[in-house]
Amino acid sequence: MKFTLVAVAGFATVANAFSNSAFMGKTTITQAAKSTSQLDMKYKVAVVGGGPSGACAAEIFAQEKAIDTVLFERKLDNAKPCGGAIPLCMVGEFNIPETVVDRKVRRMNLISPTGVEVDIGSTLQPDEYIGMCRREIMDKFLRDRAIEYGAECIQALVTNIDVPADHKTNENAKYKISYSEFKEGSAAGVPGSMEVDLIVGADGANSRVAKAMDAGQYNFAIAFQERIKISDEKMAFYEEMAEMYVGDDVSPDFYGWVFPKYDHVGVGTGTVVNRPAIKQYQKAIRDRAGDKIAGGKIIKVEAHPIPEHYRPRRVQGRMALVGDAAGYVTKCSGEGIYFAAKSGRMAAEEIVKLMEGGTRLPTQEEMEKTYIAQYDKAYGPTYAVLDILQKVFYSNNGAREAFVELCNSKYVQQVTFDSYLYKRVQGNNPLDDIKLLGETIGCLIKGYANAKPDAVFSNPVESQKRL
């Protein structure tokens with residue numbers, strides 16, 4: 001899910017066994033005529049989608065004088081449904097200013113199906129925290145920075161992409177993008193089109209770029225969130241606190257959350273296996289939060305599909321996918337913002353290198369051997385391990401009880417926060433790892449013995465839907 005949260009406790013030690021560094025204003029676009037001299041040629045790159053992945057890709061392209069960069073975003077004030085948590089390393093790596101971070105979370109309250117609570121965060125240093133952001137604020141900051149570097153932003157909905165039959169072999173083949181541009185006083189928008197040399201698809205789970213390039217389908221979750229304005233007295237509880245609730249009442253395969261924002265809390269949940277019941281699960285998370293949000297006013301309701309795994313094909317010809325469009329959201333924690341920004345930047349950097357100062361266009365094979373191969377090497381093991389752990393600890397109430405109990409371990413908390421905040425595993429102790437394995441087995445046995453059975457549900461038709 002896109003609701004980024006600290007990776008579940010203790011799991012970083014398992015991930016380490018797989019990989020040593022796994023966690024390591026609108027302008028008018030004018031078409032310029034191409035010169036017959038390659039020295040005068042300027043290639044045009046279109047980035048479709050202005051969230052973290054698209055904005056970070058556009059920022060890199062825009063700094064290249066030999067590239068014309070166009071950034072399409074359908075809604076410049078879009079408040080994407082998102083928990084909004086970012087790791088500390090992203091603040092420094094992407095130069096995120098303090099004004100973008102609403103809250104600095106230093107404590108996490110975990111609540112089991114039977115109401116057992118575990119407070120984690122005591123291992124954090126005074127200058128360490130999880131950043132909580134509103135997507136409309138953070139996305140605008142990243143997008144504006146790309147525009148300052150020279151990207152041309154068009155507020156428009158991309159409606160169609162014509163892909164030439166020979167786009168994989170013909171360097172002169174152009175992609176034609178048709179769009180409906182927002183104009184004041186026009187309800188339907190103003191149609192427009194342009195030809196480009198390369199496309200980066202950063203347009204989310206319902207990616208039009210992915211459909212145009214036949215990227216293949218993926219399974220998806222539905223994430224649902226309500227922004228709730230609560231009293232200042234109640235908000236004080238969430239000053240540096242976020243909450244995570246597990247149980248089949250709030251989600252049969254994920255978790256529910258209460259995340260603090262600037263002047264309200266985001267309360268939500270998500271599920272893959274029982275999407276039709278999402279509103280039932282949302283009511284349950286509100287009920288579980290109880291008095292802590294009682295009397296609050298719902299100021300915004302948000303829902304959005306979230307990818308569950310990589311697209312089968314992430315590069316086709318000179319079209320590449322990043323962020324949610326590519327499927328870069330982790331299981332267990334549901335983290336997506338950092339990986340969206342990272343994939344956008346990584347893809348653009350590799351493409352720029354391949355373009356050799358704007359003298360040539362990259363091939364599909366070259367992008368696969370650079371951007372795709374490097375991203376998978378760095379983060380592929382993380383996705384694989386967290387997928388396994390979600391199946392183990394979110395599959396039933398017994399496992400969920402065990403998960404919360406394990407989070408009592410200071411060692412678990414330490415390696416978890418190190419992994420999440422810095423995207424690397426450090427300081428693991430083999431003896432503590434062996435001890436943790438024994439504790440995990442014991443907690444699972446105890447949890448299965450005491451937990452209530454999960455509710456039975458069935459949705460054979462809905463469960464087969466893909467994006």
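**Charged pairs in a predicted fold**

Arginine 107 is partly exposed, at a relative accessible area of 39%. Residues are numbered from 1 along each chain as its sequence is written, and side-chain values use heavy atoms, with hydrogens and water left out.

Arginine 107 has a partner. Its side chain meets that of aspartate 119 in a salt bridge, at 2.7 Å from N to O. A salt bridge means a side-chain nitrogen of Lys or Arg within 4 Å of a carboxyl oxygen of Asp or Glu. Arginine 107 sits in strand 5 (residues 107–111) and aspartate 119 in strand 6 (residues 117–120), so the pair ties together parts that are 12 residues apart in sequence. Aspartate 119 is also partly exposed, at 39% relative accessibility.

Now step back. The protein has 13 helices and 18 strands. Both are DSSP runs numbered from the N terminus: helices are H or I with at least four residues, strands are E with at least two. Of the 467 residues, 60% are buried. The radius of gyration is 23 Å, which agrees with the value near 23 Å for a compact globule of 467 residues. That radius is taken over C-alpha atoms, and the globule rule is 2.2 Å times the number of residues to the power 0.38.

The structure holds 33 salt bridges. Take one inside a helix. Lysine 353 and glutamate 350 meet at 3.5 Å, N to O. They are three residues apart in helix 9 (residues 337–355), so about one helical turn separates them.

Next comes a longer link. The side chains of aspartate 454 and arginine 400 form a salt bridge at 2.9 Å, N to O. The pair links distant parts of the chain, 54 residues apart: arginine 400 is in helix 11 (residues 397–406), and aspartate 454 is in the segment after helix 13 (430–450). Aspartate 454 is partly exposed at 25%. Arginine 400 is buried, at 0% relative accessibility. Elsewhere, salt bridges that share partners join Glu308, Lys331, Asp387 and Lys391 into one network.

Definitions and conventions: Predicted model: local features only at pLDDT ≥ 70, side-chain atom pairs only at ≥ 80, totals over all residues. Buried < 20%, exposed > 50% of the residue type's maximum accessible area, 1.4 Å probe, protein only.
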